[in-house]
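User: Hi, I'm new to this one. Could you walk me through it?
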Amino acid sequence: MPRFAANLSMMFTEVPFLDRFDAAAAAGFTAVEFLFPYEHPVEAIGERLKRNGLTQALFNLPPGDWNAGEKGFAALPARFADLKASLETALPYAKATGVKRLHLMAGIANRGERVTIEAFYKSVAWAAEFFAPHGIDIVLEPINSRNVPGYFLNDFGFARDLIQELRLPNLKLQFDIYHCGIIHGDVTMRLREMMPIIGHIQIASIPSRNEPDGEELNYPFLFDELDRLGYAGFVGCEYNPRGKTTDGLAWFKPYAGVKP
């Protein structure tokens with residue numbers, strides 16, 4: 001049975017961020033993820049996790065100036081110093097939360113330019129090797145161009161080839177089913193093909209990015225498929241609730257309380 005992690009950047013936004021840990025636990029989640037923790041004291045994040053008995057499934061490495069439109073800088077040749085500094089920023093949060101996987105964002109860059117590809121390979125290898133002694137995986141997530149125009153990593157095949165070429169034990173694929181459906185379609189066959197390199201999965205309905213309870217995808221089938229494929233990682237609920245978060249959790253009731 002899949003182990004679901006509530007995404008606290010998108011769910012339970014009816015309450016302040018730190019209170020969302022309590023709300024997720026009360027709703028039956030045993031794990032959480034979020035985009036970025038860096039605006040909050042590391043001790044506060046750790047305390048909320050411990051208080052609620054929650055597992056931290058994932059969060060992102062610092063993306064640069066998010067409010068100015070930056071979406072990471074791993075593929076930006078001039079930002080390698082920022083990339084290295086971002087790993088140091090994230091490390092205390094990783095230690096305090098016990099997280100075992102961190103998402104490295106590529107940034108807005110042209111993948112048709114050799115220098116951006118070389119910069120991305122260099123950044124990915126550096127990040128993976130930096131976190132390897134801490135038992136932490138780096139995950140790479142292809143993101144569709146409708147949601148993030150110009151994003152460097154917008155192809156699952158490119159991500160697969162990079163991971164297989166670098167052959168770093170702690171480098172994995174973050175398989176967001178929503179993004180895969182928009183970019184490529186044929187989600188089930190891609191899950192079957194890429195399962196050996198998948199380190200994290202995320203979900204949302206297509207095309208609205210709401211609760212995984214309708215529209216294009218048959219999520220009950222996909223959840224069963226994850227069991228058939230032996231997936232033992234987390235499934236992050238990275239969706240925008242249509243209304244109050246708890247009013248849209250009927251889909252989750254059969255899975256509530258499943259332990260990590």
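This is a predicted model: local features need pLDDT of at least 70, side-chain atom pairs count only at pLDDT 80 or more; totals for chains, interfaces and linings use all residues.

User: OK. Which domain does UniProt place at residues 21-254?
Analyst: The unreviewed UniProt entry puts "Xylose isomerase-like TIM barrel" there. UniProt positions are in the numbering used here, feature names are shortened, and annotations may be inferred rather than shown by experiment.

User: And how much helix and strand is in that stretch?
Analyst: Residues 21-254 are 38% helix and 14% strand, and the end C-alpha atoms are 20 Å apart. Helices (H or I, at least four residues) and strands (E, at least two) are DSSP runs, numbered from the N terminus.

User: In what order do the strands close into a barrel?
Analyst: Eight strands do it, in the order E1-E2-E3-E4-E5-E6-E7-E8, with parallel pairing. The twist averages 30 degrees from one strand to the next. Two strands pair if DSSP finds at least two bridges between them.

User: How many bridges join E1 to E2?
Analyst: Three, between E1 (residues 3-7) and E2 (residues 31-33). Ala5 stands opposite Ala31 in E2.

User: What does helix H4 lie across?
Analyst: H4 (residues 114-131) lies across strands E4 (101-103), E5 (137-140) and E6 (171-176), at about 150 degrees to E5. Helix H7 (residues 187-194) packs on the sheet too, touching E6 and E7 (198-203), and its direction makes about 165 degrees with that of E6. Axes are lines fitted to C-alpha atoms, for helices over the stretch in contact (heavy atoms within 4.5 Å), and angles run from 0 to 180 degrees between N-to-C directions.

User: Switching topic: is Asn7 buried or exposed?
Analyst: Asn7 counts as buried because its relative accessibility is 1%. Buried means under 20% relative accessible area, exposed over 50%, partly exposed in between (1.4 Å probe, protein chains only). Asn7 is in strand E1.

User: What is Asn7 in contact with?
Analyst: Leaving aside neighbours within four places in sequence, Asn7 is in contact with Glu33, Phe34, Gln202, Cys237 and Glu238. The side chains of Asn7 and Glu33 make a polar contact of 2.9 Å. A polar contact is a pair of N or O atoms within 3.5 Å; within protein, one must be able to donate a hydrogen and the other to accept it, and residues adjacent in sequence count only if both atoms are side-chain atoms.

User: How many aromatic pairs are in the whole structure?
Analyst: A search finds 23. One of them is Phe4 with Phe252, edge-to-face, 6.2 Å centre to centre and 85 degrees between the planes. Phe4 is in E1 and Phe252 in the segment after E8 (234-237), 248 residues apart. Rings of Phe, Tyr and Trp (its six-membered ring) pair if their centres lie within 6.5 Å; planes under 30 degrees apart count as stacked, over 60 as edge-to-face and the rest as tilted.

Definitions and conventions
Residues are numbered from 1 along each chain as its sequence is written. Side-chain values use heavy atoms; hydrogens and water are left out.
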